Amino acid sequence: MDLFLNNVSFLIVDGIAYGMVLFVISIGLAITMGLMRVVNLAHGSFAAFGGYIGIKAVNELGVPFPVGLMIAFSGTFLVSIVLERLLYVHLYKASELKQVLMTVGVILVSIASFNLAFGAQSLPVKLPPYLTGPVDLGFREVPSYRVFLIAVGLAMMIGLWLLLDRTRFGAQIRAAVDNRHMAESMGIDVMRLFTITFALGSGMAGLGGALGAEILPLEPVYAFKHLLTFLIVVSVAGFGNIKAVAVVSLILGVIDTAGRYFVPAYGAFVIYLTMIAILLWRPNGLFSKT
Amino acid sequence: MQPDPISPRARILQALAADPRTRLLHGHRFRAAEALPWILAVVAYFAFDTYLSLGIAVLIAVLFTLSLDLVIGYAGIATLGHATMYGFGAYTAGLVAVHFTREPVTGLFMAMLAGAAMAFVTGRLFLHLRGNTLIMLTLAVVVMLSEVANKATSLTGGEDGLRGVVIDPLFGIYKFDIWGRTRYWYVLVTLFVLFLIARRIAHSSFGFALQGIRENDRRMSAIGSPVPWRLLVIYTIGGAFAGAAGGLLAQSNRFVGLDVFSISTTSTVLIMLVLGGTGRLYGALVGAAIYVMLHHFASAINPFHWMFVVGAVLILTVLFAPAGLFGLIEKLSSPLNRRAR
Amino acid sequence: MSESPALEIKGLCKSFGSLEVSRNVSLALERGARSALIGPNGAGKTTLVNLMTGVAKPSRGSVSIGGEDVTGLSQAGRVKKGLARTFQINNLFREMTVLENVYLAASEQAGVAGDPWRPAARHRGVFEDVIDALEMLRLTDEANTVVRHLPYGKQRLVEIAIALSLKPKILLLDEPAAGVPSVEVEWLLDVFMGLPKDLSILIIEHDMDIVFKFARKIFVLVQGAMLMSGTPDEIAASDEVQAVYLGRSLEGRER
C-alpha cells in the first residue's frame, strides 16, 4: 500500500512536470491560433529548434543550464520573427488548407535541416549536477529535475498571466483576440502585434523544447512525433484561452503518465479517443463559451 | 409536331453550346489530350519493363491522390485523415487474402467497401465540423489507427506488418509473378475504370453541386442544397477509392506495413495533390506520378535531402503557384481560356 | 373559404444575449402578395428574414408556409417548400460564371443536383429554366462571364436570377436595389412587376420610390417590433411613421 502510494505520488509529480513542459510549449500555439487564426502545425519545429540550440550550448559550450534556456528562448524568438515576416504573414487570410500545406512544408524543411545539422540520433542532455538526483521536500523525495520543471512552468504561468492581465501589451492582445477589426480601428497596430506575439509564443516553445529535452528527446522528427499532442492540448482547451491550456496540459500530463504506467497496452489510444469525444461534444474546446 | 426550333430560348442554348467557354455543356466531352497519360502508361509497360514495380507504385499513388482530389479538390473538405481509408483498405485486402480467399478481385472489392464504411462512419461523426477542428480530428483518427494496428499484433502483425499476403492468379489464369507483369495491368485497369467513374462524377450535376459547396456552402444551403448529405456522399466515395488504392497496395506488395496509417502517408498524399493541382483530376495524376518517380530516384541519394526539397517546393507552391503544376500549365497554355480554371 | 397565407410568422422573438433583436413580430403574406418591409437601420429587418428562412432560430414564435408549421425545418427544407431569398450583400459563387451560378440553383430545384452519373450537359430542361431566369433579368449576354468580373449592379441581378430559378412560391428580396445604379432601378421595378401574379413577394428596401410603386401593403419595423402595417397611402399619411423617419437619412445601406 505504501509502495502504491509512493508510486502514485511519483506519477503525479512526473505527470505534472510533463504537463508543465506541455504548457510551456503549447501556449504559443494556443495564442497563435486564437489571435491570428493560423494553425501552425510546425509549432513543434520551433520547440525542437530552441531545444537543439539550447542543449547544444549546454553540452558543447558548457554554459549553465539556465543560460541554455535563455539561448533557446531568444534564438527561437529571433528566428521566428524572420519566419513570420517571410512566410506566416501570408497565412493570416488564407484557407485552412493553405495553412496546413505551408506549415507541413516548414516541418519537412526543419526535419531535414535538423538532421543535417545535428544528426539523426536523439540529442543526449547533460543536466547540471543540481538537477540530477533527488530533492528532499521533507515528506517525500522527488527528482530535482521534475521540481525544476514544475517551478519554471509555474513561473511562466504567472509571468504570462501578469503580461496578459496587467500590461498594455497584454490588453492589446486580448482585444485583438476578441475582435480584430475593433482593435484595428482603435489604433492598435495589429500586424506588429502578430509578429511580436508569434515570436513570443514560438520563443516559449523553444524554451519548452530545451526545458523538456529529457522527457521529450530532441530528434529531427520531433515536430511530427509530438504534433498531435500539442494539437490535443490546444484544441481541447480552446484557442486563445491561457488558463484552459494550463489546466488541460496538466491533466493531460498526469493522465498520459499514469496511463503509460497502469495500462501500457493501450498507450495513447485512450487519450485520442477522449479528445475526439470532447471535441465532438464541444468543438471549440472545453472551456469555450459556445 | 416538333417544337419550334428557332424559339429565342433554343437559340440562346445553341449559342451557349457553340461557345467553348461553356464548361457545363462541354466539360464531359473527351478531348484527345486526355488519352495521353494512359498511352504513356501502356508504353511504359513495354519500354521500362525493369521498372514495373515503380510503375505500379506510381499507379497506386495516382489512385490514392485521385480519391483525395474528389474530397478536397471538388468538395473542398480539408482533411488530414485520408490515410484512414487507405490503410483500412490495405489491411482489409491483406486480411481477406490471409484468412478468407486469395481471389484478388474479391479482396479489392472488400477493400473498397472497408474504405467506404470507414469514410461513412468518420464522415458522419466529423464532417459537420469544418476548419481546424476537422483537420485535427481526422489526423487524430489516423494516428489512433496507427496505435491500434501497432498493438493488435495478432491481427495486423504489429510493427513487423502483415505478411504472407498471397494472391491467386487473376481470373484463374494470370499469375502475380515477381516481375509484376500481371500486377501492372491489374492495377492499371482498376485505376482506369475508377478514373472514368471519378470523371463522370466530376462532370455530373452532383459534381458541380460539390464545387458550389466548396465555393460558398452558405449559399448552397440557401438554395436548398442538402449540404451535409452531399459532403458525406463524396467523402464515402473518396473513401472507397482510397480503400481501393490501399487494397491494390496490399495485393501487389503482398505486405501491409504500419506506415499506411502514418502522418507521413496522410501528408504525402496531400502534398502530391497540391503539387499537381486540386480539382482537376488530372492534377492528381500529374502530381502523384512526378512525386513518386522523383522520390524513387532522389531518396536513394539521401532521404532527408528529399524531404528538404519537398518542403521547400511545398512552401513555394503555396506562395506562388497555389493551383499547382497543372494550374501553371493552364495559365501558360491558354490564350483561349480567360478563366483560372 | 379563406386560404392559408403563403408565408406567416407569429410572435417571433429573437435575442442576442440581452439584446432583443426581434420583439413579437407577426406578419402574413397571402398568395400573390406584393409587400414591403421598411424601417430605419438597425430595426432588425435582415434578422427577420433570417428567422423566416431558417438561418436563425427564434426564441419564441412560429413560422409557417402554406399553413404548414416550418419553425423546426432547416433552411434547405424551407427552400424545398417554396421559400427563396436574396441577400443584402451579394452572396454569389464569385469564381463561377453567371450561367453556372444559376444552374446550381436550377439543378437543385429540378432535383437533379444529386445525380452523380449523368453529365450536367444532358439536363436540357434545367438549362431551359436557367435561360428563362437569365432572360427575365436580361443577363443572357453575360451568361459566360465570371461573376467576379461583373459590375456590382449586374451581380445584384444574378442574386435575383438565382432566387427566381428556384421557382419559389414566396420570394424575399433583401434590399435588391442596393448598389444598383439609379438609372437601372426603374427597369428593376419593371422586372418585379412582371413576376408571376401568384408569387408572394416581400421586398425589404430603403428606396422609398420602389417601395411605394411596388407594394400593395407595407410593414414598418422599428427596433425589432412591428410598428404598423397598411396600404402605401395609409403609411404615407401616418404621423408615427413620419416621426420614425424624421431627421433620419434614408441613405446609407450599412447594417
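These legends walk through several close-up views of a predicted model.

Local features are described where pLDDT is at least 70 and side-chain atom pairs count only at pLDDT 80 or more, while totals for chains, interfaces and linings use all residues. Residues are numbered from 1 along each chain as its sequence is written, and chains are lettered from A and ligands numbered from 1 in the order in which they are written.

**View 1. How the chains meet.** Let us begin with the chains as partners. Chain A and chain C are joined by no contact, and their closest C-alpha atoms lie 12 Å apart.

**View 2. Chain A against chain B.** Here 35 residues from chain A meet 32 residues from chain B. On the side of chain A that touches chain B, two or more residues each come from α4 (96–118), α10 (227–237) and α12 (269–281) of chain A. Helices (H or I, at least four residues) and strands (E, at least two) are DSSP runs, numbered from the N terminus. The largest share of this side of chain A, 16 residues, belongs to α4(A). Sorted by class, the side of chain A that touches chain B has 27 nonpolar, 6 polar and 2 charged residues. In this sorting, Ala, Val, Leu, Ile, Met, Phe, Trp, Tyr, Cys and Pro are nonpolar, Asp, Glu, Lys and Arg are charged, and the others, Gly among them, are polar.

**View 3. Chain B against chain C.** This contact brings together 31 residues of chain B and 37 residues of chain C. The elements of chain B that give two or more residues to its side are α1 (8–18), α2 (23–26), α9 (181–202), α10 (205–215) and α11 (217–222). With 7 residues, α10(B) supplies the largest share of the side of chain B that touches chain C. That side of chain B divides into 12 nonpolar, 11 polar and 8 charged residues.

**View 4. The two domains of chain C.** Domain 1 of chain C covers 1–73 + 171–191 + 200–255, and domain 2 covers 90–167; these bounds come from an automatic or database domain assignment. Taken over C-alpha atoms, the centres of the two domains of chain C are separated by 26 Å. Each domain of chain C contributes to their contact, with 7 residues from domain 1 and 7 residues from domain 2. The domain 1 side of this contact in chain C holds 5 nonpolar, 1 polar and 1 charged residues.

**View 5. The four-stranded sheet of chain C.** In this open sheet, 4 strands follow the order β2-β1-β4-β5 (chain C) with antiparallel pairing; two strands pair if DSSP finds at least two bridges between them. β2 (19–29) and β5 (68–69) of chain C each have a single partner strand, so they stand at the edges with one side left without a neighbour in the sheet. Further in, β1 (residues 7–16) and β4 (residues 60–65) of chain C pair in the antiparallel sense over 5 bridges. Look for I9(C) opposite V63(C) in β4(C), and C13(C) opposite R60(C) in β4(C).

**View 6. A hairpin in chain C.** β4(C) and β5(C) pair in the antiparallel sense over 2 bridges. S64(C) has D69(C) in β5(C) as its bridge partner. The hairpin of β4(C) and β5(C) has 2 residues between the strands, and G66(C) in the turn has a positive phi of about 60°.

**View 7. The six-stranded sheet of chain C.** Here 6 strands form an open sheet of mixed pairing, in the order β6-β7-β8-β3-β9-β10 (chain C). At the edges are β6 (83–85) and β10 (225–230) of chain C, each with a single partner strand, so one side of each is left without a neighbour in the sheet. Strands β3 (residues 34–38) and β8 (residues 200–204) of chain C run parallel and are joined by 4 bridges. A36(C) stands opposite I203(C) in β8(C).

**View 8. Two packed helices in chain C.** V98(C), N101(C), V102(C) and A105(C) in α3(C) meet V158(C), A161(C) and I162(C) in α5(C). By class, this contact of α3(C) with α5(C) has 6 nonpolar, 1 polar and no charged residues.
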